[in-house]
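This report looks at how the parts of a structure meet one another. Please have the sequence and the model at hand while reading.

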Amino acid sequence: MTLDEAREGQHCRILSLPGKDIRAQAIRFGINEGEFITCTAVIPGGPIIVAKNRQEIAIGRGLAKKITVEPITNPHPVKFPARRRAYGLPRP
Amino acid sequence: MACHDLNYELKIPPGARKIVLAGNPNVGKSVFFNAFTGLYVDVSNFPGTTLEISYAQVGNDYVLDTPGVYGVSSFNEEEKVARDVILAADVIINVVDAVHLDRDLFLTQQIIDMGIPMIVALNMIDEAARKGIKIDVQKLEELLGVPVIPTVAIKKQGFEEVRKAVAYARKGNSLSELEEMLPLLEKKTHSRAEALLILEGDPFVAARHRVKPMDRQEEIYLARRRRVDTIVAAVVRETNTGASIGTRLSRWMMLPLTGIPLLVLTLLILYEFIGVFVAQTVVSITEEGIMQGYYEPFIRNLIGAIIPPSSIIGTLLIGEFGILTMTVTYILGLLLPLVLGFYLSLSALEDSGYLPRIAVLVDRVLMRLGLNGRGIIPIILGFGCVTAATITTRLLSTPRERRIATFLLAMAIPCSAQLAVITSMLSRLGPAYIFLYVFLVTSILVLAGTALNLILPGKPSDLLIDVPPLRLPQPVNVLKKTATRTRNFIQEATPLFAGGALFIGILQVTGLLNTLQNWLSPITVSWLQLPKETATAFIMGFVRRDFGAAGLYNLSLTPAQALVSLVTITIFVPCIASALVIFKERGWREGIIVWPAILFLAFLIGGLLSQILI
């Protein structure tokens, strides 16, 4: 699937990123191919916000459509409400 | 060579040691800079660009600030500037955010790989602790191979230690992968740092050495990322605590349902502060009270005693558009408080981390106007000064976006000074006219953007930005930023203003003003249905936009006429300064198209409006 289809709170692994420049910028942010990310917010019709550790990155919808990801079923279950909130995840 | 240029352009003596502050955006670099350099700081436009570099002499050394970047390369204008300053550095103080170590250490490792002596200031260590992040500083120091000093910049903790540690700066542990790639190039460039950037495919540095950029960027970046992740895994221990109201507020700011009301609220507060408090209360004291009440009569008497006021020189100096009367009143009485108020708000907004969230919120809408969310930044800046904002369009990623943003800025964004005059004129007319004005100008902005997006080939580029944590702005930092920006603005505006006043004054003295008014009357009187004196306002508008609006201020106009003239003057050509910047930024050919196009549109829209309303 592509990143724009991700739901809020979903964990994903990045499979591919389009283009050399985007890849280089992504590596700096630590969201290169193979990394695990969490989708923390989806702005309706707008950007997707993903988080890796405590770093949040906004990705425009057009770009998100070109990023392929695979959904991960709970790699590290996020049980603590405090941590859920820290990641901006919706309540279970 | 970059370093020689830099010394020359910034007037730094060749022998002096250059200490450069480098770091990601929003890590508190400027707080360090302010702490090290004290009150007086030089701000200089960077050679070849218009990005500002702050620097100051401290003892025999020079301390230089750089724009916040995530790495050294040439993805955008900020990075190019940071790259050249870092390349010229003798010692680097790398400020890193302890909360986002995995992001920030990428730059750290890159500078280490460049082989420049450095120290690391591990900033916001208190915030990390609050969020349950523990960092093994000794281990970090060992792994990086450079001194690491924990600091809390906003509480001034650790500053002394950083200052002392500069003497112990050293080259760190570079990536082992580079050892086989670098030596060959290093022989050629005589600089490890530049050799590395050529390996990483930086076309500008490669061109400087007349070699072809290499294509090892991804390989090196990935190796560096692995190294950074290993370091972070070894030194950071996270305990799962710490959630804050910040994360929820951050979400609210970005989701439309809550984000739009929050944005409207913010704009209302800004309007109350700038549009009402500063533009009306403060300006009425400074302009009418102090300047027109005391200063102008004083200077008129003083000069009038030597030169007769009705003579040509007298008119030019102390007449209606006099250099010593109107210019001074206008700059000190009207512009100064406004610009101060605007930059104060803007600096506070910038430091709070709200701007990137607004960019996320409006991304969807701006995509239709051919910009992405980042395009909101020049537009917001444009409400301060269109000229300065036109320069920041450089931060947009494609020429297409720069072109659209420049056009929209020139056409539909009134700058703070102009806005102030408009606000005070509109507030006399009542809420219905205010609404109508805002509605008209917004529609014009949206229509123009949509049209440009359709006409110009290509598509807007996609947003890819870091969303920094929300923070309370630090008053000292905000004030200092405001002071620097205001000083620059006034320095730049004063000569233009004086020149403009002189120009109008000469037109008046020679009677040309009257001729021009009559000559323009088919447009002003027949088509726009305004008194013929409004022509003066439009001529003044060429000099400065706000100057033009001010020219309307004292005319007696019916409410409908006032609205027509205000909409026309808003769209009307940008002032000389911003027209020059447009020419400089976008080239002569484009400037020559933009300029008459806007002039034509201004009179077309104004006229249509007048035919409907009056």
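What distance separates the centres of domain 1 of chain B and domain 2 of chain B, taken over C-alpha atoms?

## The domains of chain B

The model is a predicted one, and in it the centres of domain 1 of chain B and domain 2 of chain B, taken over C-alpha atoms, are separated by 36 Å. The domain assignment places domain 1 of chain B at residues 2-173 and domain 2 of chain B at residues 254-613.

Between these domains, 12 residues of domain 1 of chain B are in contact with 12 residues of domain 2 of chain B. On the domain 1 side of this contact, α2 (29-37) and α3 (77-87) of chain B each supply at least two residues, and α2(B) gives the most, with 3 residues. By class, that side of domain 1 of chain B holds 5 nonpolar, 5 polar and 2 charged residues.

## Where chain A meets chain B

The contact between the chains draws 33 residues from chain A and 35 residues from chain B. Within chain A, the elements α1 (20-29), β4 (55-59), α2 (61-64) and α3 (81-86) each provide at least two residues of the side that touches chain B, with α1(A) giving the most, at 8 residues. The residues on this side of chain A divide into 16 nonpolar, 10 polar and 7 charged.

## A strand pairing across the chains

One of the elements named above, β4(A), also pairs with strand β10 (residues 464-467) of chain B, in the antiparallel sense and over 4 bridges. Within this pairing, I57(A) has D466(B) of β10(B) as its bridge partner.

Key: Residues are numbered from 1 along each chain as its sequence is written. Chains are lettered from A and ligands numbered from 1 in the order in which they are written. This is a predicted model: local features need pLDDT of at least 70, side-chain atom pairs count only at pLDDT 80 or more; totals for chains, interfaces and linings use all residues. Two residues are in contact if their C-beta atoms, placed from the backbone, lie within 7 Å. Ala, Val, Leu, Ile, Met, Phe, Trp, Tyr, Cys and Pro count as nonpolar, Asp, Glu, Lys and Arg as charged, and the others, Gly among them, as polar. Two strands pair if DSSP finds at least two bridges between them. Domain bounds come from an automatic or database domain assignment.
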